[in-house]
Amino acid sequence: MRRSLAPLLLLVLALVAAGCGNDGSRSGAAAPGGQGAAFPVTIDAAGGKLVLARQPQRIVSMSPTATEMLFGIAAGGQVAAVDSNSNYPREAPRTDLSAYEPNLEAIAGYKPDLVVYSDDPGELAAGLHKLGIPALRQPAARTLDDTYAQLDQLGRATGHPAEATRLVAAMRSEIHKLAAARPARPLTYYHELDKNLYSATSKTFIGQLYGQLGMRNIADAADKDGSGYPQLSAEYVVKADPDLIFLADTKCCGQTARTVAARDGWDQLTAVRTGAVVALDDDVASRWGPRVVDFLKTVSAKVQSLEAVGR
Amino acid sequence: MIVAPARLRAGPLVGASAVLAGAAMLAVLVGPVRLAPGAVLAELAGRLPLVHTTSGLSPQEAAILWQLRLPRVVLGGLVGAMLAMAGAAYQGVFRNPLADPYLLGAAAGAGLGATLAIAYGPDTSSWPVDLLPIAAFAGAVAGVIGAYALGRSGGARTATTLILSGVAVAAFLTAVQTYVQQRESETLREVYGWILGRLTTAGWHEVLLVVPYALVSAAVILLHRRLLDVLAVGDDEASSLGLRAARVRLVVVAAATLATAAAVAVSGLIGFVGIIVPHTVRLVAGSSHRLLVPLSLVAGAAFLILADLVARTVAAPAELPIGVVTAFFGAPFFALVLRTARRVP
């Protein structure tokens, strides 16, 4: 009896510890100085070195991706306000702060001790500097590694380095799994940004994600100037006849598989006839945060279903 | 402006029509997807009554020809014709060489209408009609009506007051549009896509939408082209000749606005056509509206068809914005015509 009690006790202890750990990471926001948090920290940010003396408790996020990342690494509780386009996750404290026309006074009104932003259309960085508000620039990621680096950076800046490391590891392993399941024959695809047939090539961030699944982008041929976002001619799309069509203009511009099928000449397309027109969430398809995994799962599921019917 | 009397000679019109036919044929034969010219001609001929040919085009290639390339050429021609004709009419009515179809708030009104439809319009993806062209059309017409009402309320019903009120209305409407765009920033992309001008997604649907307006406005302006010549001597002189200047102006502006609004509704804002084409025609064939209006119509169609041919082939399979092409080729071409035609008084 006594012999069998010891392992049981260990197991219970382990479970309790694990439970605490989980709990801690979920609401770690509330606990200042969570695991591994040691302030001051120095961060090599895009705009130069940034020194944070204390753990930020009133973060303002001016970037929807940064908002998703902050909540993804359990720093959500430290976020005081997010910009008007930060519509995910739902518990994010959305305000009418505009990232396109940032209003310095309005931002300062939230008394932030850290502002995270991706673009500076005007004098945002200079203004924040004058007010002595630490600002962290996280520009649009060009590769998945940029995403991972930004998550690590946010983890250190907010005092959640362990959670960030864990999230990055989870993303890496999920993406690795999805990439391993890619079909032998590379499928071709067209990624639509708007009704006027603007697309993204395989060099762009979103294009590299499709590349993870071994897919071939029909827009590459149209990108001679290397902008990454060429406007295709309708004739070319019909001629290229991609296996899959992905619509990243569903929310902005109301495009659906049905509206695509109704376009002149598009009823000829294989993807239209086989139901391989996929409506994406514009937001998920244009951000570089943790939900890129969701995006890849959507794409991969469609690819697998096409493979299953033997195309 | 002294207008030399001119009879409507057939020569220049026949010449311009030949250029238009050539441009249209070239535009149908050449595109981002290579279709064998012989097969295209056989396919086209096959649709004629009593002709039976087999072109050898695959169904996919036939769809490219009939549903993508042809409607685009036709729509480009219609839009070019309407913008050039409206430009010639505006310049005549206002006796102002810088007048263009967008002068009286048509462009700003259309821009606001389109922006409102994109930002606040209901989801029309399940509707049989698209709200955007209707809103742009209504906006363009409302803009010009606003300018007209403002101009009349000033008392003096001269061309200059009308132009000035057009400037005021356009500035106001643009301010509202900018405000809406900033409020609804997620609509920016679609609004700019529209403003840049697009024949990219043209289909027969757009052609059918535009044809009635093109016919009506062309008929009205062509019927008034002699009166435009009379108007050219000035309001007072014209009224001493028994012409009610304000009334002619109203009718011509209404018709030109209808044409502009219809063109803008289906193709966005394509600049330069309404200025360059009439001026070039004027330098080559003189400034009598009897010849200027019909020639501008034909030359405008040819010009925009060729500009669109460049837009869709030069970077193929990518597209260039059509407005960039019309400005890039239009402005130097205009300068060349100015130089060579200096001897014309």
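**Strands, helices and a contact**

Tutor: Start with two strands of chain A: S3 (residues 59–61) pairs with S4(A) in the parallel sense, over three bridges. Keep in mind that this is a predicted model.

Student: Which residue is the bridge partner of Val60(A) in S4(A)?
Tutor: Ala81(A) is the partner of Val60(A).

Student: What sheet do those strands sit in, and in what order?
Tutor: An open sheet of four strands in chain A, ordered S4-S3-S5-S6, with parallel pairing. Strand S4 (79–82) and strand S6 (135–137) are at the edges. Each has a single partner strand, so one side of each has no neighbour in the sheet. From one strand to the next, the twist averages 20°.

Student: Which strands does H2 of chain A lie across?
Tutor: Helix H2 (residues 64–72) lies across S3, S4 and strand S5 (114–117) of chain A. H2(A) runs at about 135° to S3(A).

Student: Back up a bit. How do S1(A) and S2(A) pair, parallel or antiparallel?
Tutor: Antiparallel, over five bridges, with S1 covering residues 41–45 of chain A. One bridge pairs Val41(A) with Leu52(A) in S2(A).

Student: What about the strands S7 to S10 of chain A, what order do they take?
Tutor: They form an open sheet of four strands, in the order S8-S7-S9-S10, and the pairing is parallel. Strand S8 (216–217) and strand S10 (277–279) of chain A are the edge strands, each pairing on one side only.

Student: How many bridges join S7 to S9 there?
Tutor: Four. They link strand S7 (residues 188–192) and strand S9 (residues 244–247) of chain A, running parallel. Tyr190(A) is opposite Ile245(A) in S9(A).

Student: Zoom out. How many helices and strands are in chain A?
Tutor: Chain A has 13 helices and ten strands. Of its 311 residues, 45% count as buried. Look too at contacts in chain A between residues at least 6 apart in sequence: 61% of them join residues at least 24 apart.

Student: Which residues of H7(B) are buried?
Tutor: Glu190(B), Val191(B), Gly193(B) and Trp194(B), in a helix that spans residues 188–195 of chain B.

Student: Why do they line one face of the helix?
Tutor: Look down the axis of H7(B): the buried residues fall within an arc of 160°, so they line one face.

Student: What covers them?
Tutor: The cover includes H9 of chain A, along with helix H4 (106–120) and helix H6 (159–183) of chain B.

Student: Last one: is His279(B) buried or exposed?
Tutor: Buried, because 22 other C-beta atoms lie within 10 Å, and the cut-off is 20 or more. His279(B) is in helix H12 (residues 273–285) of chain B. His279(B) and Gln91(B) are 188 residues apart in sequence, while their C-alpha atoms are 9.4 Å apart in space.

Technical notes:
Residues are numbered from 1 along each chain as its sequence is written. Chains are lettered from A and ligands numbered from 1 in the order in which they are written. This is a predicted model: local features need pLDDT of at least 70, side-chain atom pairs count only at pLDDT 80 or more; totals for chains, interfaces and linings use all residues. Two strands pair if DSSP finds at least two bridges between them. Axes are lines fitted to C-alpha atoms, for helices over the stretch in contact, and angles run from 0 to 180 degrees between N-to-C directions. Two residues are in contact if their C-beta atoms, placed from the backbone, lie within 7 Å. A residue is buried if 20 or more other C-beta atoms lie within 10 Å of its own, exposed if 12 or fewer, and partly exposed in between; C-beta atoms are placed from the backbone. The arc is that of the directions from the helix axis to the C-beta atoms.
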